[in-house]
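Let's read a model together, one feature at a time. Have the sequence and the 3D view open.

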Amino acid sequence: MNEAYRRQDFNHVQSGGRNYPMAGSPAGGQNKSLPTIAAVSGDHFAAQPFMPLDVASVYGAQQSRGSFVGQQSGQGQTPPQLSEQQHQPLQPPQSQQFAPSTSSQEHPPMQSVPPRFMPNAGQYSAQLPPVSSGGGAIGAQFSRPSYSEPMRQPPSFSQNAHAQPPPTMVSNAGVPPQRQFDPSGAPAQAPPFITPSAGGPQRPQFLPPGTGAGQQLQPPPFMSSAASGQPPSQFLSNAANQPSFPSQQPPFGPGPAAPPQTSLTTMGGGFPPTAIPPPMQPGPGGPMAPSAAPASRRLDPNLMPSAVRIFSCDRSIMLATKVIEDDRRARSGNFPTGFPTAELPPLATTDYFAEDNGNCNPKFMRATLYNVPINSDLVKQTALPMGICVCPTARLSDQENPLPIVNFGDLGPVRCHRCKAYMCPFMEFFDGGRHFKCPICTASTEVPTEYFAHLDYTGRRVDYMERPELHFGSYEFVATKEYCKDGIFPKPPACIFMIDVSYNAVHNGIVGLLCQNLKSLLRSLPKESNNEASMMEVGFITYDHALHFYDLKSNPGQLKMLVVNDVSEMFLPLEEGFLVKPSQAESAIDALAEHIFSMFADNKITEVVLGPVVQAGVEAFKALGRPGKVFVFHSVLPVFDAPGKLKNRDDRKLLGTEKEKTILTPQSEFYTKLAQDCVSVGCCVDMFLFPNSYMDVATVGSLCGLTGGQVFKYQYFQPEIDGPRFLADLRNDIQKPILFDAVMRLRTSSGIRPTDFYGSFFMSNTTDVEMAAVDCDKCVTIEIKHDDKIDGTAAFFQAAVLYTSVSGERRIRIHNLSLATAPDFHAIYRSADIFAVVNFLAKQAERTQLQKTPREVRENLVTRCAQILATYRQYCSPASSMGQLVLPETLKLLPLFTISIIKNDALSGGSDLATDDRAWLMQLVPPLRVFDTVYFFYPRLFSVSELDDSDDFPESVRCSYENLAISSSYILENGVLMFLWIGSGIDSQWLEQVFGVSSLTQLNCEKNIIPEKDNITSRRLRRLIDRLQTNRQRCLKLFIVKQKDKLEPWFRKFLIEDNLGDSVPSYVDFLCQIHKEIRNILS
């Protein structure tokens, strides 16, 4: 990859706002009536009166199944000071009328209220202004800076005024009671909690001070439904004079037909000035610097739904929802997958181990919706994607058992005679066990005599616990000859290493590094768990403008090399001796490494071939009758006159325009057709690229994208800096769990069918996914559509993967999933898996950008996000105000990840991004696992200046510059890059212990290396970095960035929640845009 991301413009979006007069306000008063945002759980809804903005920011957001915080901007008003008294809920009196004290100590005179909050007969104006983000049509104006070479100095960053205040946050799961505050500091009194009876919520009247007869009354803000069983939340204050709220887990599965609705009219009234300090904002001194002037009245970004745990500046209280952290704390550990229908699993970011109850481990198959809509109308109205994310060979934790292998001998796997579905726990046996009914097609099939067993009194086979295929969701069958090519059992797979020995590769140190580590790398070849050594064989080819083949079974002292100069029609010049087992040819491999390094050390050839190199691998696997993988180490654009010759078409000015697809698609069909030939013989291609200039990754990368391989890219390779990362990537790529020559088919029950497929594979028909190889880091995302109404209470999915194991055995891997059906919108939204939805939307957007303009792709994402939320607002929360942005509990991060996808360089990379970098990033998206999707689009950020010896990662921080303290250091990683950001006020002792320097000015960031120091601080930091590299697709490239350094603007572009340019809004501004889109849809 190009080793740097850069950006050209960091101006913030500026937006103006219209003023709307409030009912009852003075004639000359200019008042804003802001909408509110509601985060609503699946079966509850409530509303919250408006309150001054800063009061809402003190209240924070409720962490139960949704959070309600009302806010209202106002000029000249200071937020109130909360007392340190702990408030407990009061018992409701017998009367349903509440008349709080009108003491002047508790209720200031009406004339003390600023004009903006002047009440009108105790009632706030219901007028709701339109929401404007100030940025115009978001899809039309987004333009993102992106990856580029680190040699160029990125432009400086400028931060302008924030956009118009966005909608305020409201939630239904626990509304902080509105309080009256005493300027003298006397404890305020919270209104009582009302628990309604089973017959319905009580509606007691709350009389504000000065409310007369005939005026509209205000119910108490806290209400809970006895029918739903949700207790009233407790409102507590802590030492920091800020409330904290207990967290509740949302329920899963179908719920009541309609959530309780509460319609409130906000009472008037103001709040006296207090001494709460102004918010912390980035200033000249760096992030977290106090502002000299009072902050503008705007929505606090820390109150928005968040993927991580957020603290206020003094870290005394959590301020925003923390979806990932809450799920990790609540659902880590054992997870029963459920039966007969699957349970909504923990998020992909949660460390859990699955207990297979008949539905497969979510690591193998994860659905976007765990309640499947019964018809296409529901899917169309919600706009939610219905899909399955399949990772056939996912890594399992130590607590999870490997898949059982079932061998029926010559009988072969038992299958449905109509749809060919494999035997699974959902087959229903009847007629005394002589027949079974298929859940996929509902056809009945006779049980083979060899497989017959009697049924017990419950209708189950008496041997069902002895047969893995009858009580596990995932297992493997040993295939018979009918499942093999030409009816012949395959041989063990092989690996062929193809090494570029041209001048550039030798000069850059690639050849020398490979030769030095070749023998140790081969010890990492994958093997079966019950085998001591790998059964795979290896071969070697070197090339420049000719190809060199080596006979490794000859006398090591007389190594044979066969040279093929005519590369127009490639063939394999030798068969015997080309492939060997590393354990049986160690001396020959040592001699080969020395021979390559010495023979090509003075090679002056600069023009190389590439197409014939891969053709040689195809011919080798075809001639030897086995599948395998080729590792291609390549350094320059293949311009030699041979098949696969490419021309330089680099024109980064086209990126971000309607013509970008001309340089992001393959410039010829040669490599696409060659990839299809690779798939036909089971030849997977992995490419390790070491470019110093343009290499046309969009074209050569198609070899990997269609064969199940991947591209590793090392721009401006330097052995002393990039060598360890390259070797780590290569070793991980060699040893990871992998299936060869695989064909996958997803079978679904009647009424639904798979339609579109996203990933790294080739399809010669509409049903079979053909992969020359599929490893543990590859995920195939499949869209499911209706072709009829679903009958019954469950929908069934069975993914079957026919493959060759590393030992050469032909097997069939089965994953089963049964999902409940959903007859209404409430059940659909409660069952959504947010990260599976994001995975689907991102892959769909990546494919669409090669067919549509960048503007259309971004507009489609925004429109779909708005449609999803609008449907929920319309059908699941119809009583809420149009001024509220209603966010479903399971999808409250949808706007955040939508703007994250839009801002990502894979979709929005502009002209300051290298063409190869943009093409490479695009190729990373299709095979992304659900876990990798999360951090690829929303990077992980946490402080590392005060680490401990815990096995847990530090608390995450929101991706916003204002959350970085200048006295601390932070690590940010997105699965591709890792940054160590060091604040300008960092402690000199920390610098001395980690880098051996006493001041930040002495720190040299050129090599981006953290030296090994013998102290606890250094060991903890290096241990954390090593843990971040564990089980990742690639070794993360580390960059050390000092605050106000030239690379800091590049680092800041990964802070997703901030403004990144004139037309790229912040997260808060994007919520305004989404709210406007929703209002347009509903109107």
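## Strand β24 and its surroundings

Q: Which residue is the bridge partner of F633 in β24?

A: Strands are DSSP runs of E with at least two residues, numbered from the N terminus, while helices are runs of H or I with at least four. Two strands pair if DSSP finds at least two bridges between them. Here the partner of F633 is F688. Strand β23 (residues 628–634) runs parallel to β24, with seven bridges joining them.

Q: What joins β24 to strand β25?

A: Three bridges do, and β24 and β25 (residues 711–713) run parallel. On that side, L689 has K713 as its bridge partner.

Q: How many residues of β24 are buried?

A: Buried means under 20% relative accessible area, exposed over 50%, and partly exposed in between (1.4 Å probe, protein chains only). In β24 (residues 683–689), seven of seven residues are buried. Both faces are covered: C683, V685, M687 and L689 on one side, C684, D686 and F688 on the other.

Q: Where is pLDDT under 50?

A: This is a predicted model, in which local features need pLDDT of at least 70 and side-chain atom pairs count only at 80 or more, while totals for chains, interfaces and linings use all residues. Residues are numbered from 1 along each chain as its sequence is written, and side-chain values use heavy atoms, without hydrogens and water. pLDDT is the predictor's confidence in each residue, from 0 to 100. The chain's mean is 77, but pLDDT stays under 50 over residues 1–286. Where pLDDT is low, the predicted coordinates should not be read in detail.

Technical notes. Contact = heavy atoms within 4.5 Å.
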